[in-house]
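Here's a walk through a protein for someone meeting it for the first time. Take a look at the sequence and the model, and then we'll go through it piece by piece.

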Amino acid sequence: MMYAAGAGEGYPTEYTRYLMRKLLANLAHDSICGCSTDSVSRHMADRYECIHEVEDSLIQRAMTFLVEHVCRDNADTDDYLLTVFNTTASVRSEVVRVRLNFLRDDKFKNLIMTDDTGRQSAFCLCNKSRE
């Protein structure tokens with residue numbers, strides 16, 4: 001969300017406050033699972049579910065904003081764009097597996113992946129089939 005905010009999307013201050021209030025409501029001792037009635041535990045679970053739904057919505061909105069603003073100066077209009085996000089605060093280096101489906105009418109000779117600086121990235125085409 002910070003990248004989207006820096007790129008002009010605006011930081012979701014009110015949503016963040018809402019999420020913090022929901023989260024803080026679950027930190028009270030009486031809300032801890034096993035220490036209260038079943039109805040209190042259900043309310044707590046509902047608050048966590050609400051937090052996750054709003055959080056997922058904010059992340060999706062930020063990613064959509066960023067994808068819409070990816071520089072495509074060196075791309076042809078027919079080029080596909082695959083964008084991979086790391087939504088954690090940690091640097092990651094594991095393999096990303098993606099299933100790509102192309103239209104049968106799309107005829108392309110090769111597949112090239114580039115990083116955000118335009119350098120070609122290594123990839124492995126694991127399976128190529130027509131379904």
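Before we start, a word on what counts as a helix here: a helix is a DSSP run of H or I with at least four residues, and helices are numbered from the N terminus. Keep in mind, too, that this is a predicted model.

With that in hand, reading along the sequence gives you the pattern α-α-α. In other words, the protein has three helices and zero strands.

How much of the chain is tucked away? Of its 131 residues, 11% count as buried. The protein exposes about 11,500 Å², and 53% of that comes from carbon and sulfur atoms. As for contacts between residues at least 6 apart in sequence, 44% of them link residues at least 24 apart.

Now for a pair of helices. Two packed helices are described by the angle between their axes and the distance between the axes. Here, helix H2 covers residues 13-25 and helix H3 covers residues 38-68, and the two pack at an angle of about 155° with their axes 9 Å apart. Angles over 145 degrees count as roughly antiparallel, so H2 is roughly antiparallel to H3. The crossing of H2 past H3 is left-handed.

Which residues do the meeting? On the H2 side you'll find Tyr 15, Tyr 18, Leu 19, Lys 22, Leu 23 and Ala 25, and they meet a set in H3 made up of Arg 47, Tyr 48, Cys 50, Ile 51, Val 54, Glu 55, Leu 58 and Arg 61. Sort the residues of this contact by type and you get 10 nonpolar, no polar and four charged.

Next, move along to the segment after H3, where Arg 72 has its place. Is Arg 72 buried, exposed or partly exposed? Its relative accessible area is 33%, so Arg 72 is partly exposed. If you skip residues up to four places away in sequence, Arg 72 touches Asp 79 and Leu 81.

Met 113 is also found in the segment after H3. Its relative accessibility is 28%, so Met 113 counts as partly exposed. Setting aside neighbours within four places in sequence, Met 113 is in contact with Leu 82, Arg 119, Gln 120, Ser 121 and Phe 123. Take Leu 82 from that list: Met 113 and Leu 82 are 31 residues apart in sequence, and their C-alpha atoms are 8.6 Å apart in space.

Technical notes
Residues are numbered from 1 along each chain as its sequence is written. This is a predicted model: local features need pLDDT of at least 70, side-chain atom pairs count only at pLDDT 80 or more; totals for chains, interfaces and linings use all residues. Side-chain values use heavy atoms; hydrogens and water are left out. Buried means under 20% relative accessible area, exposed over 50%, partly exposed in between (1.4 Å probe, protein chains only). Contact means heavy atoms within 4.5 Å. Accessible areas come from the Shrake-Rupley method with a 1.4 Å probe; for residues, only the protein chains shown count as cover. Axes are lines fitted to C-alpha atoms, for helices over the stretch in contact, and angles run from 0 to 180 degrees between N-to-C directions. Angles under 35 degrees count as roughly parallel, over 145 as roughly antiparallel, 65 to 115 as roughly perpendicular and the rest as oblique. A crossing is left-handed if the near helix is turned anticlockwise from the far one by less than a right angle, and right-handed if clockwise. Ala, Val, Leu, Ile, Met, Phe, Trp, Tyr, Cys and Pro count as nonpolar, Asp, Glu, Lys and Arg as charged, and the others, Gly among them, as polar.
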